[in-house]
Amino acid sequence: MDSVHTTVVGAGVIGLAIASALSHAGRDVLVLEQHEHYGQEISSRNSEVIHAGIYYPPGSLKARLCVDGSRALYRYCEQHSIRYQRIGKLIVARMQDEESELETLLRAGQANGARDLALIGREKLRALEPRVKAVAAIHSPHTGIVDAHGLMRQLYHEAQAGGAVFSFGSRVTAIERSADGYLVTVEPENYRFVTDILINAAGLHADRIAALAGVDLDAADYRIHFWKGSYYSYAKPSPVSRLIYPLPHAGLTGLGIHATLDLGGRLRFGPDAEPVYAPDYRVDPGKQERFFHAAASLIDGLEQESFAPDMAGVRPKLGGQGVRDFIIRHEADRGLPGLINLVGIESPGLTACLAIARMVGELVRAI
Ligand SMILES: Cc1cc2nc3c(=O)[nH]c(=O)nc-3n(C[C@H](O)[C@H](O)[C@H](O)COP(=O)(O)OP(=O)(O)OC[C@H]3O[C@@H](n4cnc5c(N)ncnc54)[C@H](O)[C@@H]3O)c2cc1C
């Protein structure tokens, strides 16, 4: 039977970054991807924002890997000529009584190590973004946007150059513990092979892969719930040149509908948050009014008829109360040595991908 040292399930931005890091560290790496191309699921349906690390609980993996990952990602984009823009972001208080929330958020962001955050008042705000409706804001100059496809292309080529082998159209359907590691079954050919180390970077389906490998999802609290996020585009030239976010109110799934720009300067609003039973990428045309009102509460002078359904992505949310952290874990203590699970890699996973790959590299070295 064939055997391979390290197998990565999933060729989204996380699996690609891991494959690139491990192959360059001299590991023998196989990547299994169910689609015919990399980056067909979460990694190609997101806001492409390089987050600064403001929102996440201090000390969490999300905070640490976002702050480290953002620096690493800017450097990587420079080194490999991947398109990005450090356009900055404003988180706005629309009423005086929201200002204390801004201050709390500012302190959390600074504690996380997000750089050069500043609280700005009405005048500075007007000078930066005259059309934004707010009394104060946090200015985050190091938030940016990136060409996620360009990033994945580079990681893919780099992984291949390091010797990683990619098998597309290969869906993992069974995993059994064996004396030498894990016996993995791949469809459609019913191909079976053994791997010493199995890295689960399966995005929306990471809980399913963990369960196949023997993790009790309820005991581990690994069950993923799908939360769809839709976007509406704005057909007119953008009246803002930065990303504009409302304050993230408690209980919100996501950061609230906000203004995002792509590298072509196109303005979009979203994502909203809606639970779905299965990944579904249709955008409801009946949401125009809701998106317009959310957008118009942030920016003056928008025209409702210029809002059109754009695209949707699906978040792999872990259940339970409050903000759940990324799960990135060697499962030796569950009796599954050599299995590394990455579950619940929602935002800021794109920003954090290189830092996540570094962390997984350390876990692999320690096995
Ligand atoms: C609406 C939205 C907006 C977001 N905005 C941002 C943002 O602005 N900035 C940011 O930093 N992050 C953002 N994120 C988060 C970011 O996009 C994700 O964290 C990241 O893309 C996750 O990558 P991944 O590789 O884990 O998942 P994916 O890209 O989904 O890759 C997982 C891969 O595993 C494959 N797979 C699954 N099961 C199997 C199987 N059985 N066999 C073989 N292959 C399998 C899938 O086909 C898929 O290709 C956003 C997410 C969403 C949903």
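**Entry 1: ligand shell and domains**

I began with the ligand, whose shell draws at least three residues from each of domain 1 (3-46 + 149-223 + 323-366) and domain 2 (86-143 + 224-318). The domain bounds come from an automatic or database domain assignment. The model is predicted: local features need pLDDT of at least 70, side-chain atom pairs count only at pLDDT 80 or more, and totals for chains, interfaces and linings use all residues. I number residues from 1 along each chain as its sequence is written.

I listed 41 residues around the ligand, and Gly10, Gly12, Asn46, Gly203 and Gly349 come nearest. Two or more residues each come from H1, strand S2 (29-33), strand S10 (171-178), strand S18 (307-318) and H9. Helices (H or I, at least four residues) and strands (E, at least two) are DSSP runs, numbered from the N terminus.

By class I found 17 nonpolar, 18 polar and 6 charged residues in the shell. Ala, Val, Leu, Ile, Met, Phe, Trp, Tyr, Cys and Pro count as nonpolar, Asp, Glu, Lys and Arg as charged, and the others, Gly among them, as polar.

Contact is counted between two residues if their C-beta atoms, placed from the backbone, lie within 7 Å.

**Entry 2: helix H5 and what follows**

I took H5 (residues 148-161) next: 14 residues, with 20 Å from the first C-alpha to the last, close to the 20 Å expected at 1.5 Å a residue. The expected span is 1.5 Å times one less than the number of residues.

Which residues of H5 are buried? I found Ala148, Leu151, Met152, Leu155, Tyr156 and Ala159. They cover an arc of only 130° around the axis, which puts them on the same side of H5. The arc is that of the directions from the helix axis to the C-beta atoms. A residue is buried if 20 or more other C-beta atoms lie within 10 Å of its own, exposed if 12 or fewer, and partly exposed in between. The buried residues of H5 pack against helix H1 (13-24), strand S8 (144-146) and helix H9 (349-366).

Past the helix, Gly162 is in the loop between H5 and strand S9 (165-168). I class Gly162 as partly exposed because it has 17 C-beta neighbours inside 10 Å. Beyond four places in sequence, Gly162 is in contact with Ser20, Ser23 and His24. The C-alpha atoms of Gly162 and Ala21 are separated by 8.6 Å, although the residues are 141 apart along the chain. Gly163, which follows H5, has a positive phi near 105°.

**Entry 3: cis bonds and positive phi**

I checked omega at two prolines. The Glu187 to Pro188 peptide bond is cis, with omega near 15°, and Pro188 is in the loop between strand S11 (181-187) and strand S12 (191-200). Ser347 and Pro348 are also joined by a cis peptide bond, omega about 10°; Pro348 is in the loop between strand S20 (339-343) and H9.

The loop between S11 and S12 also holds Asn190, whose phi is positive, near 60°. Asn190 is exposed because 9 other C-beta atoms lie within 10 Å. Ser81 has a positive phi near 55° and lies in the loop between helix H2 (61-80) and strand S4 (84-85). Ser81 is exposed, with 9 other C-beta atoms within 10 Å.

Which residues does Asp325 touch beyond four places in sequence? I found Ser60, Leu61 and Lys62. Asp325 lies in the loop between S18 and S19 and counts as partly exposed, with 17 C-beta neighbours inside 10 Å.

His330 is in strand S19 (residues 327-330). I class His330 as buried because it has 20 C-beta neighbours inside 10 Å. Setting aside residues up to four places away, His330 touches Ile340, Leu363 and Ile367. From His330 to Leu30 I get 18 Å, C-alpha to C-alpha, at 300 residues apart in sequence.

Technical notes. A residue is near a molecule or strand if its C-beta atom, placed from the backbone, lies within 6 Å of it.
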